[in-house]
Amino acid sequence: MSILSPENLAVLEKQGIELPSWAFGNSGTRFKVFGTPGTPRDPWEKIADAAQVNQYTALAPAVALHIPWDVVDSYSDLRTYAEDLGVALGTVNSNTFQDDDYKFGALTHEDAAIRRKAIDHHLACIDVMDATGSRDLKIWLAEGSNYPGQADLRGRQDRLQDSLQKIYDRLGDDQRLVLEYKFFEPAFYHTDVPDWGTSYAQVSALGDKAMVCLDTGHHAPGTNIEFIVMQLLRLGKLGSFDFNSRFYADDDLIVGAADPFQLFRILFEVVRGGGLNNPDVAFMLDQCHNVEDKIPGQIRSVLNVQEMTARALLVDREALTAAQKSGDVLAANAVFMDAFYTDVRPALAEWRESRGLAADPMAAYLASGYPQKIAADRVGGVQAGWGA
Ligand code: LRH
Ligand code: MN
Ligand code: MN
């Protein structure tokens, strides 16, 4: 008998993780961007590669776009193309961090004309969402200052609220805005949306269609991220995750690679808080594959999320509650750790086969001939956008 119950398998079957289009482009650090053979040359090829991840894992039914990295002539054609490959177009990410006008801010800028330009960019992103059928507009702002005294911190919050309100007002009934926070970088002294509390305060003032986006790599070292997950779920304001992992800063490494136990703890709070397979909580990856191949990197990532979700589902919640209530510290911890230490990989492989998927999606992809085909067909793949 499988260690995964039919109920747990039914939950796992519904799991979907959105892939970022930029994970398929070449990326790197400010020191060097290394190319990978077969890197996509345009958004169409990024989507084709994302569809491969879904084909072998059945875990990645949507691809997030980034504007202007993924600009095409017809978004409805792109949508049809994606749907024919079995994936949907997901979250649309705005970009106000690669334009000279935004040197001192975009949605927070002192100059109303620059704020207007940044707002208009977001309205154009919502036009894209209308054509792609996307629900979520994800806003991450590279705004802040480097030196004490450089900026009026409070004035910038007020202008941010005003700008966000203008964007929010343009959302359709079924569309949402998710505001991503990050504690530093590119600004080093202050950041305008540095933490979940600021994001929460800003989106709460907008209304029900505005939620917080939690990027797992955007916290100070040592932050208890699962506590934030719990709190946002409790408040009904966790709109989406950007999953990745980090050793030092915003490393954007493969989710679950740096600290699998942290991923387990986060997913336990997701399960406990009703966030799993909850349409209000979008699961997304936000990663870059600087030295590893991109499609296998994404396959590894979605499998890591699936494996840790399966382990989180194994926590004996009744036994845990009993131990918690009786103040049995070690018993409670043991229940938790028993689930974490359970190797679910054989059970997941068996279950995959029972659904007509390859037991080992990575091996199946590598044996498919696709990597050789794209390496031969595509010459001069594009950068993810960061180095562009
Ligand atoms: C910058 C960032 C952020 C966004 C992504 C597009 O930190 O990684 O997390 O989601 O760029
Ligand atoms: Mn992110
Ligand atoms: Mn980031």
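1. The shell around ligand 1 comprises 1 nonpolar, 1 polar and 6 charged residues. The model under review is a predicted one. The residues in question are Asn93, Trp140, Glu180, Lys182, Asp215, Asp242, Asp250 and Asp286. Two of these names return below: Asn93 in the discussion of strand S3 (residues 88–93), and Trp140 at the end of the range of strand S4 (residues 136–140).

2. Strand S1 (residues 19–20) runs parallel to S2, and 2 bridges join the two strands. Leucine 19 is placed opposite valine 63 of S2.

3. Strand S2 (residues 62–66) is mostly covered, with 5 of its 5 residues buried. In a regular strand, side chains alternate between the two faces of the sheet. In S2 both faces are covered: Ala62, Ala64 and His66 lie on one side, Val63 and Leu65 on the other, and all are buried.

4. S2 also pairs with S3, in the parallel sense and over 4 bridges. Alanine 62 has alanine 88 of S3 as its bridge partner. Histidine 66 stands opposite asparagine 93 in S3; Asn93 is one of the residues around ligand 1.

5. Strand S3 is largely enclosed by the rest of the structure, because 5 of its 6 residues are buried. S3 pairs with S4 in the parallel sense, through 2 bridges. Within this pairing, lysine 138 of S4 is the bridge partner of asparagine 93. Together with helix H4 (residues 112–132), S3 and S4 form a right-handed β-α-β unit.

6. A separate point concerns methionine 308, which belongs to helix H9 (residues 294–313). Is methionine 308 buried or exposed? There are 24 other C-beta atoms within 10 Å of methionine 308, and the residue is therefore buried, the criterion being 20 or more. Leaving aside residues up to four places away in sequence, methionine 308 touches Gly256, Pro260, Leu263, Phe264 and Leu267. Phenylalanine 340 is 32 residues apart from methionine 308 along the chain, while their C-alpha atoms are separated by 8.0 Å.

Terms used: Residues are numbered from 1 along each chain as its sequence is written. Chains are lettered from A and ligands numbered from 1 in the order in which they are written. This is a predicted model: local features need pLDDT of at least 70, side-chain atom pairs count only at pLDDT 80 or more; totals for chains, interfaces and linings use all residues. A residue is near a molecule or strand if its C-beta atom, placed from the backbone, lies within 6 Å of it. Ala, Val, Leu, Ile, Met, Phe, Trp, Tyr, Cys and Pro count as nonpolar, Asp, Glu, Lys and Arg as charged, and the others, Gly among them, as polar. A residue is buried if 20 or more other C-beta atoms lie within 10 Å of its own, exposed if 12 or fewer, and partly exposed in between; C-beta atoms are placed from the backbone. Two strands pair if DSSP finds at least two bridges between them. Two residues are in contact if their C-beta atoms, placed from the backbone, lie within 7 Å. A crossover is right-handed if, with the strands pointing away from the viewer, the path from the first strand over the helix to the second runs clockwise.
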